[in-house]
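Hi,

Here's the structure I promised to pass on.

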Amino acid sequence: MAGISREDVAHVARLARLDLTDDELDRFAEQLASVLEHAADVASLDTAGVPPTAHPFPLSNVLRDDVVSPSLDRDEVLAMAPAAEDGRFRVPRILGEAP
Amino acid sequence: MTERWEMVVGLEVHCELATATKLLCGCRNAFGDEPNTNVCPVCLGLPGSLPVLNRQAVDLAMRVGLALRCSVVPSIFHRKNYFYPDMPKDYQVSQYDEPLNVGGWLELPDGSRVGVTRAHMEEDTGKTTHVGGGGGRIHGADHSLVDYNRAGVPLVEIVSEPDIRSPDQAKAYVNELRAILVAIGASDARMEEGSLRVDANISMRPVGTSAYGTRAEIKNMNSVRSLGRALEYEARRQVGLLDTGEAVVQETRHWDEDEGRTSSMRSKEEAYDYRYFPEPDLVPLAPSEEWLAGVGAALPALPADRRLALAGVAGVAVTEPSVATVVSQGLDELVSAAVGAGADGRLALNRAANELAHKQAPDAAPFAKVLLMEGEGRLTATQAKAVLAELVAAGGDPEDIARRKGFEAMGGDVVAAAVDAAIAAHPAEWERFAGGEAKLAGFFVGKVMAATAGKADGKAVTALLRERVGR
Amino acid sequence: MTSAGDIARAVRAGARSALDVVEEHLAAVTRDDGELHAFNLVLGEEARAAAEEVDRRVSAGEDPGPLAGVPVALKDNLCTRGVPTTCSSRILDGWRPPYDATVVGRLRDAGAVVVGKTNMDEFAMGSSTENSAFGPTRNPRDPSRVPGGSSGGSAAAVAAGFAPLALGSDTGGSIRQPAALCGVVGVKPTYGLVSRYGLVAFASSLDQIGPFAASVADAALLLETIAGHDPADSTSLPRPAPALGDVLDEGVDGLRIGVLRELVDGADADVAGRVTEAAAALEAAGAKVGEASVPSTSLGLSAYYLIATAEASSNLARYDGVRYGLRVDGDDVNAMYGATRAAGFGAEVKRRIMLGTYALSAGYYDAYYGQAQRVRTLIIRELEAVYSSYDALLAPTTPTTAFELGAKTDDPLAMYLSDVCTVPSNLAGHPAVSVPYGKGDDGLPVGVQVMAPALAEATMFRAAAALERSLS
């Protein structure tokens, strides 16, 4: 399981929307491979019958009432935006539908 | 050679829940407000913000589950990770392999059943508008604008089993689902406003086989009518491929309402890797027995139950089309009351379905009275409909209305005399009618109607004519 | 340096002006922070105004609160309304949150005076504060060395006397390890005891905000102020803040303390030596000391790096140039995402995002993330077993003293290994504190870690206070 190829790193970088240079691809592949090798002890452990822990404590049913609370001021919101138009956030053209 | 093909369809329906606030924050859940005025750190996904689940959204989602005969079970939330401008966090809070509601079904007016695999909770995305392409289309746009008012609105996604076998059945499923969602107060379920969205998965297979063919997913159907048209088109398209030995590609296709066709939206990644993992910022949901029982007890009678009850009261099969119409118009109580007052069930159903649909319903007592008057022969069918129309328009008492309109009971003698007069006046036609030309009955009925200023009952006239022939 | 407790008492009594206190501390910052770079942003004007308000309230006969006039430094991943919160990253350079983190609000309500935002490893990813986009922080004990990380700036601020109190965040040791390297007290509370609302998330199921202080008593005071249920955080425990002031003098008579063998064995000899001395000191004070074992500690480190990076890869997806922060334009939105994130994130952040994405990706989820969550269960079970025999555990906070700037930056794996003593508490959600305890052979501070089961802060602070007393 250990061992991550340059192609794997390129694929993962695409999934994570990170543009990497060729140098970075090489370097990260090497570094990630060494970390994953160290993590091989986890991958190869026999954990039959052991349930995963997603939360340290068994809290459940944390809910809030369906009551309106104040929203942010629209000007404040758009002031943070790198680009805005017509009260909306402006982005470069989107080439495809949502996956 | 063209084999006979069977359509196999499953529907994924997203419905916006009718809560006051969003799923994970207290911003207003409202349609049509100024862009980006119902946003906060949570639904904008600002750094450091955290979600808190809306109790009412859970309540409504449980109602949906129970109304669809699902089991409501302990569940957790997952993150569905992908990048898109309408996603404030670039992940969607949803439910994956431990959803709230599982294993139900929907009964349609024609008596068929469609299974419901699951109905889970998730948050809605923002809304993008595209600028610069033709007609707001994404294709050829120069840039896009994003409004996050809708981001975080609570949704229930209802996934059906692939039990649907025709466009009509698909449409009936959506209509029935809509009726249920509205009846239980979970959603206003309007496709035109986007509070109900339907995606279809469709494949074709030879009739008589059970293996599933390759399916295509169809998106962008904005009305029930579009759904029907899209399925018809797609079925033809797939059969066209399969008949010539070509394969159907598993892909997502976009329905174009104007052009009346689907087109491929094939993207580079075939099966997108959403990297689902349990949402660490939310804790598991395990509704108590009390809560669940309360939701169940508060459910109103569902359309299927009302149809069954109405059919029983009216003494007709539940699949009679007028039964579904009367229930969907909310007139079932009215009809039941009329039957209770002695009116004929079938007559009550027909009059309600045909004369009262989409109109202001009259009160039960006058409605029943009209039906009884008609049943006793004191009003003809035409006269009864006229009285009902008056009742709907202005209310009042049916006896008074009938009197005002001159709808008096026409004595049997008067009718018989008019019939004999008509026979005497048209011996040639009478000979032909008596000789077997049955359709000349209409000729004589017309003459009698003219002579009696429309007050004779057509059925009675026809019966008398036959009697005269027999003599 | 006066303690936070003393300052608050004096200001509340009107014996000292909050403004004077703030000026004193700001002067120290001006004098020494040029070299140390503990702060990304010094909030001189805001601090003076807040101090003046405290003084006004005191004159009006009102009580400004238990932290009246006390200067506090905040790690730059804590949202401060209208004030830049950068997480030491270019991608958030200049971004001003429109809201305060819950803990920041509680500090202000208690009369504390926020003096600045401290430097950190970018998005809390690191153990040396060398991963900051704005340059490293230097260790006040020896400026050629790292202060530890990721809360290096906050640790240094307290060690250098810039503020008696600071807040940091701890995901895998990021409060405790810099506390140890800088010679101050650092606490990671029980998971859920302190609200995370307004803490820019790194790894949601591991992150906790906690105090830095020069004394155990001051750390307890700060924790009392910020802890307690917050309805805005669904993972916040439905409990009030613990009352800790009273327990500090209770001593450790009869308390069962276990020394964690694997962690002592894995530390440098001089560090291990300090732990042994600490154990002896507690025994002399009446504790029953024995040896404890948590065999899965090494597995725990790997599990931590899979879980933390997986959650981080998702938490950091939102930095995409659309709504706030840095944007590098592109021909289309995907190009914009790729270019923005490439320019905005440093190498360590990119490494961890990719590692986390990989651990969650199709085909690898079960082997990496899934397994890691199961290992987490194993660690919790081992700790629970140990806590059936012991009330608290003793261990090194980190295997070495402060290393030199640049010593580990070429080897990410070597850097990760310095977290081996601290991650078990994060995985289990248990509290732990680092208490300064002597020096290494190089004369640099050593921290000893007291670990306790969930919600056993009182026990933990009792032991920590006893250790502190044993040094005086």
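In chain C, the C-alpha centres of domain 2 and domain 3 sit 32 Å apart. The bounds, which come from an automatic or database domain assignment, are 4–247 for domain 1, 256–299 + 372–471 for domain 2 and 301–366 for domain 3.

Before the rest, some housekeeping: this is a predicted model, where local features need pLDDT of at least 70 and side-chain atom pairs count only at pLDDT 80 or more, while totals for chains, interfaces and linings use all residues. Residues are numbered from 1 along each chain as its sequence is written, chains are lettered from A and ligands numbered from 1 in the order in which they are written, and side-chain values use heavy atoms, with hydrogens and water left out.

Back to those two domains of chain C. Contact (heavy atoms within 4.5 Å) links 15 residues of domain 2 to eleven residues of domain 3. The buried area (accessible area, 1.4 Å probe, that two parts lose on being put together, summed over both) is about 1,200 Å² here, with carbon and sulfur atoms giving 64%. On the domain 2 side, α13(C) gives the most, with five residues. Helices here are DSSP runs (H or I, at least four residues), numbered from the N terminus.

What about chain C against chain A? There, 67 residues of chain C are in contact with 50 residues of chain A. About 5,100 Å² is buried between the two chains, 69% of it from carbon and sulfur atoms. On the chain C side, M354(C), Y358(C) and Y368(C) lose the most area to chain A, together 13% of what that side buries.

The rule finds two salt bridges across this interface. R81(C) forms a salt bridge with E76(A), with the closest N and O atoms 3.5 Å apart. There are also 21 residue pairs in polar contact between chain C and chain A, both at pLDDT 80 or more. α13(C) turns up here too, supplying the largest share of the side of chain C that touches chain A, twelve residues.

Cheers

Key
A salt bridge is a side-chain nitrogen of Lys or Arg within 4 Å of a carboxyl oxygen of Asp or Glu. A polar contact is a pair of N or O atoms within 3.5 Å; within protein, one must be able to donate a hydrogen and the other to accept it, and residues adjacent in sequence count only if both atoms are side-chain atoms. Helices (H or I, at least four residues) and strands (E, at least two) are DSSP runs, numbered from the N terminus.
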